[in-house]
Every structure is written in C-alpha cells, then in structure tokens.
Amino acid sequence: MVRGVSRRGLLGGGAAAVGLAGAYGLGRVDDPATATAGAGEERYPFRGEHQAGIVTPAQDRLHFAAFDVTTDSRDELVALLQLWTAAAERMTGGGAAGPVGPVEGAADLPPDDTGEAIGLPASGLTLTFGFGPGLFRDAAGTDRFGLADRQPASLKDLPHFPGDQLVGRRTGGDLCVQACAQDPQVAVHAIRNLARIGFGTVAIRWSQLGFGRTSSTTAAQDTPRNLFGFKDGTANVRAEDDTALGEHVWVGADDDAAGSWLAGGSYLVARRINMTIETWDRQTLAEQEGIVGRAKGTGAPLSGGEETTPPDFAMPGSNDQPVIPVDAHVRVVHPSSNGGAQMLRRGYNFVDGTNELGGLDAGLFFLAFVRDPETDFVPVQLAMARSDALMEYLRTTGSALFAVPAGVGEGEHVGQALFT
Ligand SMILES: C=CC1=C(C)c2cc3[nH]c(cc4nc(cc5[nH]c(cc1n2)c(C)c5CCC(=O)O)C(CCC(=O)O)=C4C)c(C)c3C=C
Ligand SMILES: [Fe+2]
C-alpha cells in the first residue's frame with residue numbers, strides 16, 4: 001500500500017495489523033511482528049490510549065520540529081489541532097496529508113499534499129504531539145489562550161545545567177511534533193505538511209533530523225549504537241514493562257491538580273547533545289570502555305556477563321578502584337545512584353555537516369519520555385554534570401521540554417482534554 005493516486009481506498013488492507021491492537025491493551029499495534037505487512041508497510045494506529053511514538057518500537061529515522069504559535073486566538077489554535085489530527089491520521093495510515101491528495105485536485109489550486117511521498121508506504125510513521133510551557137504563558141507571562149491555570153507545575157523551562165551551551169534557535173517551543181518512520185522522506189513529508197497546514201497559526205522554531213535510533217523500546221529490538229560506537233539503549237524502560245511505564249513514563253490522574261488533562265500522557269525531554277567525535281576517537285579502547293562502564297563490542301557491563309547482565313558496581317578492580325569506575329556513565333546515571341529515577345530513552349544520532357573547526361557537527365539528539373521531569377530527568381542530568389566522565393566529550397546545544405497528552409480517542413483531536 002503506497003501513497004498517491006491509486007492508494008486511497010486501499011487503506012483497509014492493513015486492517016489485520018490494526019485489528020491486533022489489543023495485543024498491548026492500548027489500542028495500538030506496537031509489536032513489529034504483527035504490525036509489519038511487508039517492507040515499509042508497517043503502520044501504527046494514530047488513535048489509542050497513549051500517543052504512538054513512545055512505546056512504539058523505535059523506528060530508524062526522525063524529523064522533530066518545535067513550533068511557535070503565531071496567533072493569539074484560542075479558536076485558531078484549536079482549529080489547527082483539529083486539522084493536524086485529521087492530517088496525522090491520514091499520513092500515519094499511509095495516505096496523503098489532505099483529503100484531496102497531491103495530484104488529484106484542481107489544476108488551478110495548490111495541492112493539499114506536497115507530493116514527495118507519492119508511492120511511498122506508511123513506513124511505520126508515528127506522529128507524537130507535545131505542548132511547551134509557552135502555550136500556557138508566553139515569555140512575557142501573558143496567558144494568550146486562557147490555559148495558564150491548567151499548566152502543570154513540572155511543565156517549565158528546564159534549568160540551565162553545567163555544560164549547557166544552548167543555542168537560542170535550537171531551544172524551546174510552544175508545540176512539538178516528533179515524526180518517526182523507517183523512511184526519512186516519509187518523516188520529512190509529515191513535518192513539512194503539518195507546517196504547511198499551520199501556516200499563519202504556527203511557524204517552525206527549530207527542527208532536527210535524526211538517523212540510527214539510539215535506543216530500543218521493546219525487548220524484540222536489537223540494541224543499536226551511538227556515534228561513539230557503543231550499544232545504546234540496553235537498560236531502557238521498555239514497552240513490555242507495564243510496572244516501569246506506570247511508575248516512570250505515564251502521568252497519573254492525581255499527579256498534578258492543574259494538569260489533570262495530562263493523565264495518561266508523558267513529558268518529553270529533548271536535548272541536542274554535540275559529541276566531540278574527533279577527541280573521543282583518540283582515546284584508547286580501554287579508556288572509552290572505562291568512561292562508559294560497558295564493553296564496546298558486546299555492551300556487557302565491565303563487571304562481566306552479557307549485555308543484559310545487571311552491572312555489579314561493587315566488584316573490585318585494580319588499584320583499589322571498582323571495575324566499573326566511579327565516574328563511568330552507567331554508574332552515574334543508574335537508577336541506584338539517582339533515587340530510582342528511570343526514563344524511556346528514544347534518541348537518534350545526528351550529523352549536521354561540519355562545524356567551523358572542520359569537525360563533525362554530530363551527536364545524539366536525546367529524547368526521553370518521563371512521568372515527571374523533576375524526579376526522573378533533572379536529578380540524573382545534574383549527576384552527569386557533577387561527576388560523569390562522559391561530559392568531557394559532550395556539549396548540549398539545544399534543549400526543550402513538552403507535555404505530551406494522552407492518546408487521541410475516536411472523534412477527538414490531539415490534546416482535546418486541555419481545551420474542554
Ligand atoms: C540525563 C540523562 C542522560 C543523558 C543526557 C545521556 C546522554 C548520553 N548517553 C550516552 C551513552 C550511553 N548511555 C547509556 C545508558 C544510559 N544513559 C542514561 C541517561 C542519559 N544519557 C541512562 C538512564 C542510561 C541507562 C543506565 C542504566 O540503567 O544502566 C549507555 C549504556 C547502554 C544503555 O544502557 O543504554 C550508553 C553507551 C551518550 C553518548 C550520551 C550523550 C551524547
Ligand atoms: Fe546515556
């Protein structure tokens with residue numbers, strides 16, 4: 001099933017996959033074995049208890065966009081969310097952005113789809129929407145949309161962390177859309193068309209392309225590698241772990257009185273982290289492994305075993321030092337070092353050409369979903385800043401926080417609970 005002239009009307013062909021949505025009890029198909037009907041044919045239902053793109057098996061490509069809302073009209077904002085919902089449902093189903101299509105409309109009108117995805121299948125596209133702090137109060141403190149009394153306490157700009165070298169044009173945003181797909185053209189097409197639909201109501205503030213997912217979100221997925229060459233995502237919160245998801249990813253109904261509309265949703269932390277690849281590449285294998293705390297080849301902890309063996313932080317090494325160094329990344333960020341904090345990481349590698357010194361402008365676009373950034377992200381980031389050997393090779397150049405509302409029910413639009 002592909003987008004374009006002949007594909008509409010064929011969308012029912014994926015019903016078998018969609019019909020298995022009950023597998024996780026969440027009205028979605030998150031199991032690649034059931035969702036995949038052929039190369040590029042995998043589709044994830046747009047509607048469900050939670051938004052797709054969180055516990056969905058991490059796709060290989062990303063286009064993430066943060067938007068500024070340029071209108072002061074609440075009605076226009078809601079109308080945009082309605083249009084985005086319809087377009088997102090169509091595109092994630094393998095269809096065009098608009099009801100007419102890229103080439104089916106009148107020749108004297110602009111098409112309601114830009115056309116670069118004609119012939120391409122759904123490619124596992126998910127579109128995940130979030131609301132930034134600026135939607136509730138803008139930089140001047142103005143309540144543009146009558147939402148200020150519904151702002152959750154934790155939805156505020158992240159603190160400035162040591163090591164942050166934030167670039168304004170890569171930071172913040174009133175709205176975000178995370179587009180993930182197996183085909184970069186499909187992800188880019190989705191963001192481009194949502195931006196086109198929003199012309200006059202929103203403007204893209206910044207966006208980020210990513211490749212080579214740096215996390216696994218289900219047990220069935222292999223662990224991919226980051227640009228330092230290490231397996232990344234081994235000890236992630238996974239789709240199968242309902243207990244961890246309930247404790248550390250999904251916002252509870254009683255978490256925040258003002259933010260009760262966010263129940264069943266999550267917070268999305270986005271950090272664009274530049275990695276000084278060239279310096280890293282000059283470190284010995286032993287130094288690199290000591291900095292991470294895991295073996296580069298297998299991903300096993302330096303205390304031994306296999307990739308999924310829990311690290312033994314007490315195991316002695318040489319020179320009265322533990323075998324996993326005290327400043328190793330996996331020790332510093334481990335839940336046992338941070339009061340039990342956990343997060344669902346869903347980041348991507350990026351290379352945005354070269355910097356002014358001729359080095360790669362490259363790194364990890366870190367994305368993490370948490371129930372509360374104050375307890376599950378900020379303490380871990382502060383611990384890294386304090387004592388993580390990895391920090392010497394990192395420079396954070398972009399940062400944002402969004403509230404990601406729960407899934408969209410039948411007949412609803414994205415984030416409807418916030419506006420009712
Ligand atoms: C504040 C949270 C984190 C940031 C920022 C972060 C950046 C970052 N991480 C790597 C490489 C690896 N991270 C690994 C594990 C890991 N990282 C975090 C948190 C942050 N990382 C957590 C919570 C964990 C899991 C710890 C555990 O429970 O054991 C690993 C090991 C493999 C794995 O478990 O995923 C690697 C490798 C880079 C390169 C990076 C910034 C660019
Ligand atoms: Fe990490």
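Analyst: Arginine 169 is exposed because 9 other C-beta atoms lie within 10 Å of its own (exposed means 12 or fewer, buried 20 or more, partly exposed in between, with C-beta atoms placed from the backbone). Arginine 169 sits in the loop between β2 (126-131) and β3 (175-181); helices (H or I, at least four residues) and strands (E, at least two) are DSSP runs numbered from the N terminus. From its C-alpha atom to that of methionine 343, 174 residues away along the chain, the separation is 26 Å.

Please keep in mind that this is a predicted model: local features need pLDDT of at least 70, side-chain atom pairs count only at pLDDT 80 or more, and totals for chains, interfaces and linings use all residues. Residues are numbered from 1 along each chain as its sequence is written, while chains are lettered from A and ligands numbered from 1 in the order in which they are written.

Now to ligand 1. Its shell holds 27 residues, of which Phe230, Thr234, Ala235, Val333 and Leu364 come nearest (near means a C-beta atom, placed from the backbone, within 6 Å). At least two shell residues each come from β5 (266-275), α8 (329-333), β8 (360-370) and α10 (378-387).

As for the core, the largest nonpolar one has 95 residues, and Ala179 and Ala187 touch the most other members; such a core joins buried Ala, Val, Leu, Ile, Met, Phe, Trp, Tyr and Cys residues through C-beta atoms within 7 Å. Beyond its neighbours within four places in sequence, alanine 187 is in contact (C-beta atoms, placed from the backbone, within 7 Å) with residues including Arg61, Leu125 and Ala179.

Key: Contact = placed C-beta atoms within 7 Å.
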